[in-house]
Amino acid sequence: MQDTARKPERIEVVDALRGYALMGLFLIHMVEYYELYWADPFPNAVNSTMFFLFGGKSYAMFALLFGVSFFIIMDSQARKGVDFRARFLWRLTILFALGFAHSLIYGGDIMQVLALTGLLLVPLYGASNVVLIGLGAFFILQGPALILNAAGFQRQGDPTLHPLLMNAYAHGSLLEVFSVNTWAGQVGKWGFMFDSGRLWNIIGFSQLGFALGRIGFFTQSDRFKSLYVRSIVILVIVAGAMLWFGHRLAPVLSGRVVESCTNNSLMLATLLGLLLLYRVPAGAKVLRPLAPCGRMTLTIYITQSLFLVPVFYGFGLGAYAWLGQGGSAALGIALWVLQMWLARRWFRNFYYGPLEWLWRSATFLDKTIPFKRRNDATPQVVSA
């Protein structure tokens with residue numbers, strides 16, 4: 001077997017940040033009852049807090065870290081003299097297939113979106129950092145949405161789509177959920193991604209993450225510390241201005257653009273704050289338990305849906321109708337603590353999460369990639 005199917009170093013802080021983003025996605029899913037909250041939304045202190053902390057932010061952090069992982073993988077192979085671009089396209093194809101299968105039970109799957117938008121990273125592999133950051137900023141600042149707004153473009157959605165999905169999730173059988181998610185769920189998700197501007201954010205943040213990974217933004221914290229601090233101040237001011245004056249800007253920029261810019265500023269400020277926190281021993285001690293979850297995000301993300309969609313949906317326990325926001329949030333926090341504990345124990349015995357191993361083996365078409373640790377083996381360090 002060729003060495004190209006194995007390892008380089010992991011960046012622990014990136015794993016911890018990915019774990020934090022996954023935690024945010026999970027807690028949002030819990031208070032959304034895996035979509036069924038939107039059948040009859042009722043804002044309260046619980047979901048307002050969760051949405052403020054993680055809503056519109058966790059997926060964006062996830063996208064940025066996806067771009068960082070792209071750099072880590074491509075760079076590690078380039079050091080071995082391997083042009084990994086074609087293989088990475090195959091890797092994204094596998095991710096899309098896994099995401100589509102996942103979306104049959106949970107229509108809000110993000111893996112498909114990451115896989116398709118990730119295709120844009122491959123032709124940009126040789127682009128300069130200036131080009132990557134410029135393109136990333138264009139998408140993050142909702143450039144396509146602003147152009148479409150100026151051109152008077154208005155997407156005509158299907159008004160029957162949302163009730164169709166909510167009815168299937170709340171009252172349908174498992175087969176009916178599969179059926180509705182095969183097409184209507186896909187249309188609904190991509191329409192939401194387009195209308196909300198999240199599609200542009202995912203594209204932009206993955207490009208920004210690629211550039212930041214290339215310049216050592218996550219590995220050379222001493223070099224960038226002052227930039228972290230200055231950027232946090234600026235981002236908080238921007239977010240505050242958007243929150244305070246956004247209603248005046250909405251008629252010009254559209255409410256979606258204002259909301260996106262607010263969330264993006266808060267997400268980046270949070271990410272930089274976590275990077276600074278990681279520099280402090282006590283802070284690193286708090287964040288480090290998130291890293292094992294960040295090493296097996298694909299496995300955890302999909303497993304969460306397999307267990308919890310039946311809890312909330314009509315074909316299972318129908319908890320959307322009786323658990324309540326407080327109960328759902330409390331259950332989410334308890335389950336996340338359990339997931340951190342299980343992930344830490346998992347890596348005592350295995351090199352990869354099960355789906356991560358499958359994804360990696362399929363990428364290299366090599367089933368001999370080590371999975372289970374052996375007591376007599378020197379532990380390997382494995383790649384993102």
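## The second largest pocket

In this predicted model, helix H6 (129–140), H11, H12 and H13 each supply at least two residues of the lining of the second largest pocket. The largest share of that lining comes from H12, which provides seven residues. Altogether 23 residues line the second largest pocket, and those that lie nearest its centre are Leu208, Ser231, Leu235, Leu268 and Leu272.

The space in the second largest pocket comes to about 520 Å³.

## Ile232 in helix H12

Ile232 has its place in helix H12. Is Ile232 buried or exposed? Its relative accessibility is 18%, and because a residue under 20% is classed as buried, Ile232 counts as buried.

Leaving aside residues up to four places away in sequence, Ile232 touches Ala269, Leu272, Gly273 and Leu276. Between Ile232 and Phe71, by contrast, there are 161 residues in sequence and 24 Å in space, taken from C-alpha to C-alpha.

## The largest pocket

The largest pocket holds about 1400 Å³ of space, and 49 residues line it. Nearest the centre of the largest pocket lie Glu32, Glu35, Trp38, Phe192 and Arg198. The elements that give two or more residues to this lining are helix H1 (12–31), helix H2 (45–54), helix H3 (58–79), H8, H10, helix H11 (198–214), helix H12 (221–253) and helix H13 (255–279).

Which helix gives the most to the lining of the largest pocket? That helix is H10, with nine residues.

The buried residues of H5 are Met111, Gln112, Val113, Leu114, Ala115, Thr117 and Gly118. What covers these buried residues includes H3, helix H4 (85–103), H10, H11 and helix H16 (297–312).

In helix H8, which runs over residues 161–171, the buried residues are Leu161, Leu165, Met166, Ala168, Tyr169 and Ala170. The cover over the buried residues of H8 includes helix H9 (174–182) and helix H10 (184–196). As a general point, an α-helix has 3.6 residues a turn, so residues three or four places apart point the same way.

## The chain as a whole

The chain has 18 helices and zero strands. How does its overall size fit its length, and what radius of gyration would a compact globule have? With 384 residues, such a globule would have a radius of gyration near 21 Å, and the chain has 21 Å, which agrees. Taken along the principal axes, the C-alpha atoms of the chain fill a box of roughly 55 × 45 × 40 Å.

Of the 384 residues in the chain, 51% are buried. Among the contacts in the chain with a separation of 6 or more, 77% are made by residues 24 or more positions apart. The accessible surface of the chain comes to about 17600 Å², and 68% of this surface belongs to carbon and sulfur atoms.

How values were computed. Residues numbered from 1 in each chain as written. Predicted model: local features only at pLDDT ≥ 70, side-chain atom pairs only at ≥ 80, totals over all residues. Heavy atoms only, no water. Buried < 20%, exposed > 50% of the residue type's maximum accessible area, 1.4 Å probe, protein only. Helix = DSSP H or I, 4+ residues; strand = E, 2+ residues; numbered from the N terminus. Contact = heavy atoms within 4.5 Å. 1 Å grid on protein atoms, 1.4 Å probe; cavity = no way out; pocket = protein on both sides within 12 Å on 5 of 7 lines; lining within 4 Å. Points joined across faces, edges and corners; volume = space filled by probe spheres on them. Rg over C-alpha atoms; globule rule 2.2 N^0.38 Å. Areas by Shrake-Rupley, 256 points an atom, 1.4 Å probe, with all protein chains shown as cover.
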